[in-house]
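Visitor: I am new to reading protein models. Could you walk me through this one?

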Amino acid sequence: MPPSSVSSTDSTKSATGGVQSLERAFDLLERMADAGGEVGLSELSASSGLPLPTIHRLMRTLVVCGYVRQQTNRRYALGPRLIRLGESASRLLGTWARPYLARLVEETGETANMALLDGDEIVYVAQVPSKHSMRMFTEVGRRVLPHSTGVGKALLANTPDNEVRALLARTGMPAATEKTITTPDGFLAALAEVRRLGYAIDDNEQEIGVRCLAVSVPNSPTAAAISISGPAGRVTESATEKIVPVLQQVAGELSEALASQNPA
């Protein structure tokens with residue numbers, strides 16, 4: 001990896017005991033991701049409170065290392081080197097989650113999934129299939145739009161309305177089935193229902209004959225949700241009352257496990 005061009009004054013210890021320049025660099029990467037992946041230096045300065053010269057030094061180092069790319073319009077975008085890190089982290093996250101998903105299968109009888117919000121899309125990172133001969137299957141690595149999935153609703157339930165509308169404007173809201181929500185107002189109403197209930201439902205919205213129940217993983221290091229999916233004839237209203245508490249309990253335990261992988 002190329003040597004860092006950050007000055008020694010940026011490498012002092014932070015109040016948390018870490019290296020200040022590293023904390024600042026990762027904070028800038030997070031802010032870029034929150035802004036959709038491309039920003040200008042003045043935007044980063046305004047949101048972070050850091051002076052422009054400091055941001056410029058940090059961004060220059062990130063560009064040299066391949067984690068940020070400078071565009072022809074002089075704005076900065078997240079770089080391709082991050083893809084490899086993200087893919088490796090997603091695989092590890094899926095590996096850590098599998099025992100918890102296996103428990104969901106044992107207790108609910110249905111296929112269990114874990115998904116992340118990656119940019120504007122949902123990506124499935126782990127799955128444990130049901131033991132029933134008739135079961136749901138979603139390929140790990142598959143990407144879908146959030147508006148037609150239970151995990152998408154669970155992941156976006158606490159996102160500000162204006163950010164949800166912006167995401168939907170970028171992705172569009174194509175109908176996967178006749179029951180897919182296809183308007184921003186309808187989707188925002190569904191998110192309000194998720195907040196009220198504490199879980200999300202995909203009721204034949206991604207595939208006819210399939211119902212999905214999903215909850216977010218609280219305090220996950222990246223936005224994550226777990227779900228069960230099965231035939232609508234098995235994932236009934238009465239089954240939902242039994243399955244949701246199990247989902248919520250497993251999500252809480254998975255959250256604790258992920259936290260223990262990242263000690264302070």
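**Salt bridges and a helix pair**

Guide: Start with Asp-203 and Arg-211, whose side chains form a salt bridge at 3.2 Å, N to O. A salt bridge here is a side-chain nitrogen of Lys or Arg within 4 Å of a carboxyl oxygen of Asp or Glu. This is a predicted model: local features need pLDDT of at least 70, side-chain atom pairs count only at pLDDT 80 or more, and totals for chains, interfaces and linings use all residues. Residues are numbered from 1 along each chain as its sequence is written, and side-chain values use heavy atoms, leaving out hydrogens and water.

Visitor: How many salt bridges does a search of the whole structure find?
Guide: Side chains of opposite charge can pair when their charged atoms come close. Searching the whole structure gives a count of 16.

Visitor: How many residues apart in sequence are the parts tied together by Asp-185 and Arg-165?
Guide: These two form a salt bridge, with the closest N and O atoms 2.6 Å apart. Asp-185 sits in helix α7 (residues 184–197) and Arg-165 in helix α6 (residues 161–171). Helices are DSSP runs of H or I with at least four residues, strands are E runs of at least two, and both are numbered from the N terminus. The pair therefore ties together parts that lie 20 residues apart.

Visitor: Is Asp-185 buried or exposed?
Guide: Its relative accessibility is 52%. Asp-185 therefore counts as exposed.

Visitor: Where is Arg-75, the salt-bridge partner of Glu-38?
Guide: The two side chains meet at 3.2 Å, N to O. Glu-38 is in strand β1 (residues 38–39), 37 residues from Arg-75. Arg-75 lies in the loop between β2 (68–70) and β3 (76–78).

Visitor: How are α1 and α2 oriented to each other?
Guide: Helix α1 (residues 20–34) packs on helix α2 (residues 41–48) at about 110 degrees, axes 11 Å apart. Axes are lines fitted to C-alpha atoms over the stretch in contact, and angles run from 0 to 180 degrees between N-to-C directions. Under 35 degrees is roughly parallel, over 145 roughly antiparallel, 65 to 115 roughly perpendicular, and the rest oblique. So α1 and α2 are roughly perpendicular.

Conventions. Buried means under 20% relative accessible area, exposed over 50%, partly exposed in between (1.4 Å probe, protein chains only).
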